Amino acid sequence: MSEAPAVPSKLMVIIPGLRDSTMRSVVDRVRRERGDYRVEFVPHGIKVFSRTRTLAKSVAELAHKIRGLSGENTGEVVDEVVLVGHSLGGILIRAAYLYGLGYDRDSEDGTADAWPRSVKRIVLLGSPNAGYREKNLPGGWVYPLVAGLGDFALEAVHSGAYWLANLRLRWLEVMRKLYTDHEADPENAIEPPLVVQVYGAQDGLVTREDIDDSRFMPRTVRTEISSGDHGKMVDLTDADNGAKRWDELAHALFDHFPEADDFTPVSQERVYFILHGIRASAYDRWVGDLTDALQPGQAHIPDPDDRVPKVYSLNYKFFSAIEFAVRGTRQKNIHQFLDQYMEAVLSHDPDGFSFMGHSNGTYMMATVMQHVRAVRFRNIMLAGSVLPSDFDWRRLFENGQIGGYTAEGGWRPGKVHNDRARVDVPVGILANGLRLLGYRDIGAGGYRGFEGVTASGVTYHRAAFPKGHGAALVDHDGYPERMPEIARFLVDGEVCTEPQEPASRGFSYLSRIAWFVVLVGLIVIVGLLGAGTWLLSLAIGAWALLVLAVVLLLIYVGLRSV
């Protein structure tokens, strides 16, 4: 009686891109030549016009599929797992690995599965770290038109998309943590897998620059496929190039990479993000003054060191009231801020990140943190904030987005402080009025304060600073200098001096009826435009044109002056 063939102790899971036909030739070749691997081909089911919700569902399904294939459901996990993904498949395989480790599970607890411990290698074939760029896509000019027709999964993996940004940041965080933990405790900690990022020399969709994150990551290497475009790089049926292509793919799949532990370590310099508000022209000096106050050797900074901090201060110029009132325009600078954050994370430890924002800058920061859970800050200071009073700070604390890890590896919750002005028209009237008219993402938190935040780690003063929208950014008689105090909070979380101004009863009343004030303003604008048009219709002449020009100028100046 013949013996049953031995079951391979190694598992290779291969995930295709949007088109799986060419990838099947790689599956067949590995099965023929490497009998020590059980090879499983797992299509993801995502199509060009799949909806975004399909993406998250596919990641969860893929992670559960690997769990079953690995033997975890029967209690016998295989000795070695190799994950291989081409193009979109590489993005999904990274997300599934993080899911298996317990990260960013929306509907389940964060308990890690056992199978990621067996993952020894992850091979990413033509898979971009930063997402696909429409300029590289065939017919890329069509993308903005199609994207507006629905919420498609491919939008989530486009360069700058929130979902992909979260994956990119979480990947950096987790791979670095696995490496550090394993170095400290190799017997018990998970060994980080070798990550092989493969780019095609003739790939016009994903280039070497698109996988540049690998320079800053441990256990990550790059290698090249010398022939074939984005799809052909995994096609072994090509009579002219198939043999050489297989040799290069086999190198990525099976060979040893002695340079895997060579990478650029992250800097421990502190990083500060400063975002101005809609009245940059009135208060832009404070950004430079705060940058100076954060430099080493300042007497107001406790425990100064000689390392010069990195300061990011995105300047998006003047931002008018009418631009702020339009939701799409209000969000136009957010991705620039997210890009700056990602640039900083590549080379710096996010445990040393803090944020200072004024007005619209607070909205940009909060929007990014709500959509990208991997974004975090040690300390956050707000001045003239346009966030709603019921903003969910508690969720950000629970997500581990406010705080940082200590040198010993423990978690230290961070701090959020909100400074207010006695009379703040852009916050108390404009932002609050727009919220009362239906804009739920903004409000009067920077004037009224935030609701139910005592237990969540948000501090504020009962009294307010004198004057207006930028009151917390300028010096006042009888008060300590503002910039050194703000710098001290960003460095160590020490709350600033208590202001002395009581709330203005008259302005508080106006703020409560802000919807009416904004509505009246809109009626006045429409009335002026209507009157100008009526005059123009009576007599087309120099005087009529002059009257209309004056009306439009008054509207423009009024909106720019709020």
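## The overall picture

The protein chain has 20 helices and 14 strands, taken as DSSP runs numbered from the N terminus (H or I over at least four residues for helices, E over at least two for strands). This is a predicted model, where local features need pLDDT of at least 70, side-chain atom pairs count only at pLDDT 80 or more, and totals for chains, interfaces and linings use all residues. Residues are numbered from 1 along each chain as its sequence is written, and side-chain values use heavy atoms, leaving out hydrogens and water.

Of the 562 residues in the chain, 52% are buried (under 20% relative accessible area with a 1.4 Å probe, protein chains only).

## Two helices side by side

Now take a look at H6 (residues 162-184) and H12 (residues 334-347), which pack at about 15° with their axes 11 Å apart. Here axes are lines fitted to C-alpha atoms over the stretch in contact, and angles run from 0 to 180 degrees between N-to-C directions. That makes H6 and H12 roughly parallel (an angle under 35 degrees).

## A tucked-away threonine

Where does threonine 362 sit? Its place is in helix H13, which spans residues 360-371. Threonine 362 is buried, with a relative accessible area of 0%.

Leaving aside residues up to four places away in sequence, threonine 362 touches Gly357, Leu382, Ala383, Ser385, Val386 and Leu387 (contact means heavy atoms within 4.5 Å). As for valine 386, its backbone nitrogen lies 3.4 Å from a polar atom of the threonine 362 side chain.

Definitions and conventions: Buried < 20%, exposed > 50% of the residue type's maximum accessible area, 1.4 Å probe, protein only. Polar contact = N/O pair within 3.5 Å; in protein donor to acceptor, adjacent residues only side chain to side chain. Parallel < 35°, antiparallel > 145°, perpendicular 65-115°, else oblique.
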